Amino acid sequence: MNYQVDEKGYYGVFGGAYIPEMLYPNIKELREKYLEFIEDPKFQEEYVMLLKDYVGRPSPLFLAERLSKKYGAKIYLKREDLNHTGAHKINNTVGQILVAERLGKKRIIAETGAGQHGVATATVCALKGLECIVYMGAVDIERQAPNVARMKMMGATVIPATSGSQTLKDATNEALRDWINHPTDTHYILGSVVGPHPYPDMVARFQSIISEETKWQLQEKTGKSTPDYVLACVGGGSNAMGMFYHFLNDEDVKLIAVEAAGKGVDSGESAATTLLGKEGVLHGSRSLVMQTEDGQVVEPYSISAGLDYPGIGPQHAHLFTSRRALYVSITDDEAMQAGMELSKLEGIIPAIETAHALAYLDKMKFKEDDVVVVCLSGRGDKDLDTYMKYFGL
Ligand SMILES: *Cc1c(COP(=O)(O)O)cnc(C)c1O
């Protein structure tokens with residue numbers, strides 16, 4: 001079974017590039033050049049240097065002993081929360097800024113929901129002295145003031161998206177519109193494994209550093225490079241894709257992707273895309289999309305802004321339908337409890353997105369010597385307000 005993208009940009013029936021004609025030249029240029037860039041030794045040298053000295057990689061693989069004791073398995077946490085800017089997103093933006101430089105682009109645009117990808121993009125633009133414009137839903141700008149301030153401090157312009165529900169999907173539409181209007185000087189740094197080919201493959205490659213490191217770290221710690229289980233949360237799916245990447249062909253490794261059920265899968269307020277979605281086209285690729293009978297995109301909901309997306313990357317749609325990975329979902333309440341539990345047991349406050357992956361541990365049955373790796377996609381600092389309100393702290 002092949003889980004990687006084919007020459008036409010598809011994963012099985014999913015993927016492709018469903019874009020307006022105005023974007024053909026940009027996407028064609030990117031498609032023709034991205035692999036050549038990434039595989040160039042000079043690119044690799046700079047990418048590896050920045051990951052090490054700027055991002056702080058390799059991120060530790062930590063054996064969480066008290067959590068392990070509670071669930072009766074050996075549970076390791078891949079500490080993406082310790083990266084510069086506090087999550088895995090910077091792995092991708094560092095890679096894409098180097099691509100943008102090689103394409104000769106001087107102007108960078110991005111979309112953001114909670115502001116995490118916007119911050120990671122503003123960060124690398126400051127690093128390289130490039131102009132940065134971030135589209136963000138007006139509602140999200142209201143809800144995520146600290147991240148808006150961070151982006152502004154680093155020199156980015158934040159433009160409110162005022163259409164639709166004024167959240168992530170509307171910001172993505174605005175960013176695509178901007179790109180159509182600036183076809184020659186602008187690179188669009190997409191934040192997850194979504195969008196037209198080659199974005200899902202390019203972002204997955206940049207995030208694959210997560211599983212690349214995990215393999216040698218496990219080998220050092222356990223004498224074996226493959227675990228029994230790997231867990232990660234899924235919004236668009238980039239941290240999960242990075243965590244799965246180098247295990248895809250190790251069929252003994254069980255891959256578990258955790259989506260946000262919000263207030264419950266059947267509540268009408270959910271973001272459990274594989275359960276609720278149908279085949280459709282969203283933001284330039286064919287995938288699973290939450291939609292009405294007549295194909296209108298349904299408004300998703302999750303307590304965690306990073307999982308609040310009505311689609312899922314096309315590679316995930318393929319891993320789901322081919323059953324290579326198991327897709328499950330966790331409610332707001334279950335995630336909040338798991339976030340509190342990790343804080344109490346290990347002294348690590350996780351992002352609420354990440355807490356969804358942790359919450360699934362409670363639904364699993366382990367054998368004592370099972371080795372489990374959870375991708376700790378981000379830290380909880382940004383979510384303190386939500387934790388405070390929820391628990392009355
Ligand atoms: C953005 C974000 C996510 C969700 O995005 P993916 O592309 O699915 O990884 C998960 N965790 C954290 C901490 C995030 O910031």
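Which of the 16 residues around the ligand come nearest? K89, S192, G235, G237 and S238 do, where a residue counts as near if one of its heavy atoms lies within 4 Å of the molecule. This is a predicted model, in which local features need pLDDT of at least 70, side-chain atom pairs count only at pLDDT 80 or more, and totals for chains, interfaces and linings use all residues. Residues are numbered from 1 along each chain as its sequence is written, and side-chain values use heavy atoms, with hydrogens and water left out.

**Ligand contacts**
- A side-chain N or O atom of H88 is 2.9 Å from an oxygen atom of the ligand, a polar contact being a pair of N or O atoms within 3.5 Å.
- For G236, a polar backbone atom is 3.3 Å from a ligand oxygen.
- A ligand oxygen also lies 2.8 Å from a backbone N or O atom of N239.
- Of the 380 Å² of accessible area that the ligand has on its own, the protein covers 96% (Shrake-Rupley method, 1.4 Å probe).

**Shell**
- The shell around the ligand consists of three nonpolar, 11 polar and two charged residues, with Gly counted as polar.

**Domains**
- The protein is divided into domain 1 (11-50 + 89-203) and domain 2 (56-87 + 208-391), with bounds from an automatic or database domain assignment.
- The ligand lies between the two domains because both give residues to its shell.
- Their centres, taken over C-alpha atoms, are separated by 22 Å.
- In domain 1, 32 residues are in contact with 35 residues of domain 2 (heavy atoms within 4.5 Å).

Terms used. Polar contact = N/O pair within 3.5 Å; in protein donor to acceptor, adjacent residues only side chain to side chain.
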